[in-house]
Amino acid sequence: MKFFGNLFAITAVALLASCGGGGGSAGSTPGGSTVSVASFDYVLDKNSISNSGGDEATLTATALDATNNPVAGVAFKVSADSGIYTPVTSVTDSFGKVVGKISTGANKSNRAINLSMTMGDKAKTDRISVTGS
């Protein structure tokens, strides 16, 4: 019986020792390199939105690395000089995509909503028209 107790103890120690537990950061990629955003593309699903108050445009952006592969886990920020930007997602998914909605807010006047977008250290601008009156 003592033999099985010792065998169990040796097996337990061997298993624990083989687990390792060292090396690397959980946030690094194999080889220690980090992926950065080389560029990003975006699409507005329409050129203008109605000032009726119920209309909105969908903004979809994609983060890309230096070889145009999608980059996950990148924050996307948008500021609008008028109107409202509402993020559906604020960090890129495994396909490098992030989505948000643009609406007029309380201001129902005809105008252009100027958008400033940043992803990583990259920035772009665009505008969407508000029309209808």
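Modeller: A salt bridge is a side-chain nitrogen of Lys or Arg within 4 Å of a carboxyl oxygen of Asp or Glu. This is a predicted model: local features need pLDDT of at least 70, side-chain atom pairs count only at pLDDT 80 or more, and totals for chains, interfaces and linings use all residues. Residues are numbered from 1 along each chain as its sequence is written, and side-chain values use heavy atoms, with hydrogens and water left out.

Colleague: How many salt bridges does the structure hold?

Modeller: Three. D41 forms one with K124, and their closest N and O atoms are 3.9 Å apart. That pair links distant parts of the chain: D41 is in strand β1 (residues 39–44), K124 is in strand β8 (residues 122–131), and they are 83 residues apart. Helices (H or I, at least four residues) and strands (E, at least two) are DSSP runs, numbered from the N terminus.

Colleague: And the other salt bridges?

Modeller: K46 pairs with D55, with the closest N and O atoms 2.7 Å apart. K122 pairs with D121, at 3.4 Å between the closest N and O atoms.

Colleague: Why do charged side chains pair up?

Modeller: Side chains of opposite charge can pair when their charged atoms come close.

Colleague: Is D121 buried or exposed?

Modeller: Exposed, because its relative accessibility is 63%. The cut-offs are these: buried means under 20% relative accessible area, exposed over 50%, partly exposed in between (1.4 Å probe, protein chains only). K122 counts as partly exposed, at 28%. D41 is also partly exposed, at 45%, and K124 is partly exposed at 30%.

Colleague: Which strands form the open sheet?

Modeller: Four of them, in the order β1-β3-β6-β5, with antiparallel pairing. Two strands pair if DSSP finds at least two bridges between them. The edge strands are β1 and β5 (84–87), and each pairs on one side only. Neighbouring strands in this sheet are turned by 25 degrees against each other on average, direction ignored. Axes here are lines fitted to C-alpha atoms, for helices over the stretch in contact, and angles run from 0 to 180 degrees between N-to-C directions.

Colleague: How many bridges join β3 and β6?

Modeller: Seven, in the antiparallel sense; β3 covers residues 56–64 and β6 covers residues 97–103. E56 stands opposite S103 in β6.

Colleague: What about β7 and β8?

Modeller: Nine bridges join β7 to β8, and the two run antiparallel. S116 has T125 in β8 as its bridge partner. β7 and β8 form a hairpin with two residues between them. G120 sits in the turn, with a positive phi of about 65 degrees.

Colleague: In which sense do β2 and β8 pair, parallel or antiparallel?

Modeller: Parallel, over three bridges; β2 is residues 48–50. I49 stands opposite V130 in β8.

Colleague: New topic. Which residues have the most contacts inside the largest nonpolar core?

Modeller: L59, F76, V78, I102, I113 and M119, in a core of 21 residues. A nonpolar core is a set of buried Ala, Val, Leu, Ile, Met, Phe, Trp, Tyr and Cys residues joined through side-chain atoms within 4.5 Å. β1, β3, β4 (76–80), β6, β7 (111–119) and β8 each supply at least two residues of this core.

Colleague: What tends to happen to nonpolar side chains in soluble globular proteins?

Modeller: They tend to be buried together.

Colleague: What does I113 touch?

Modeller: Not counting residues up to four places away in sequence, its contacts include I49, A80, I102, I128 and V130. Contact means heavy atoms within 4.5 Å.

Colleague: One last residue. Where is T104?

Modeller: In the loop between β6 and β7. T104 counts as buried, because its relative accessibility is 2%. Leaving aside neighbours within four places in sequence, T104 is in contact with I49, S50, N51, G53, G83, R111 and V130.
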